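My entries follow in the order in which I checked them.

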Amino acid sequence: MNQIEKVEAPWSLEIEMPDTIFYRSKIHGKERYYFTVNEKMDRAEFFVGTTSWIKEVYPPSPFLIKWYKTKSEEEIDQILEDTSSYGTFFHEQVNNFVRHGEYDMDNAISDVQVFCEAAGLPVHYWWADKVCNDMLSLNQLFIEKEIKPIASEIVLHSREPFLRGGSCDFVCEMTFNRKRVVAIIDFKTGQISNDPPNTNHHAAQLYDYRKMWNELYPDMPVEMVFNWSPTDWRKKPTAGKLVNQTSDDVETMYHRRLEDAAMMYGGDIRSVRRYGGMLKPGVESGDYDFQSAEDYIIEMMQDNDFTDE
């Protein structure tokens, strides 16, 4: 299991946010789980991550498979790592922009330095120009769609049909087709999927967020879901690429796959393998055993001084 991360408290001016503290980690370095712990720090409740269960029950994108075939394993790993790192950085800047109502582009270089050093990355100074381009593109979207923020970086969860959760980028009120709607926007710094419903992971992710949001906040239901990515503009900022993922076909496929996932995740949380000892070539050696994920998480929380928070 990877390191435990405390999820930042959600932000909203429109609704009362829950005071539940969420943490997240991965099991076997693969499946992301969100979890909560009780005050005594001796019990934990797990919610499988939205992107994790979707990967398990949705077939991979045929376009992504085709792309993989054109790249070496090293190239793929480097591209995915670079894209993921900048995506995390960009999401942080967007979240600050929404929460504080401003973004100081004069500080872009120092923002990059602070992020890269904290993440143990080489300082990607070229990110400073890119993030300014991208933030201006996002602000143009705010202007054109008359966006009014509702919530930012909020962990959503549900217990039906199985325990699951995910971190939703942005909920807002916006103008779309001359109508004011409540919408979820998921920010992407890479290519947005245009796959058909049976392989569209991006759309499924948005529908899971919508379902969980509407269960938790029925008085402010989300009507539409979008992906958005910035564009490189030349003379004046453009509003990026806003992709409407709201579709009856996508929703039908989502509910079908959700039921498939319930069959997989409806039981107890998976156990965690632990390793130790000396492994010798050609000899049965080394040790491994299994521990419940709950016990392992509690042990990790105590070892990492989360009890003081």
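I began with C168, which is buried at a relative accessible area of 0%, where buried stands for under 20% relative accessible area, exposed for over 50% and partly exposed for in between, with a 1.4 Å probe and protein chains only. I note that this is a predicted model, in which local features need pLDDT of at least 70 and side-chain atom pairs count only at pLDDT 80 or more, while totals for chains, interfaces and linings use all residues. Residues are numbered from 1 along each chain as its sequence is written, and side-chain values use heavy atoms, with hydrogens and water left out.

I then looked for a partner for the sulfur of C168 and found the closest cysteine sulfur in C172, at 9.7 Å, which is too far for a bond, since a disulfide is a pair of cysteine sulfur atoms within 2.5 Å. C172 is likewise buried, at 0% relative accessibility, and I count 0 disulfides in the structure.

Next I turned to S152, which I found in strand β6, residues 148-158 (strands are DSSP runs of E, at least two residues, numbered from the N terminus). S152 is buried, with a relative accessible area of 2%. Its contacts (heavy atoms within 4.5 Å), not counting residues up to four places away in sequence, include C168, D169, W11 and N95. With N95 I noted a polar contact between the two side chains at 2.5 Å; such a contact is a pair of N or O atoms within 3.5 Å, where within protein one must be able to donate a hydrogen and the other to accept it, and residues adjacent in sequence count only if both atoms are side-chain atoms.

Methods
Helices (H or I, at least four residues) and strands (E, at least two) are DSSP runs, numbered from the N terminus.
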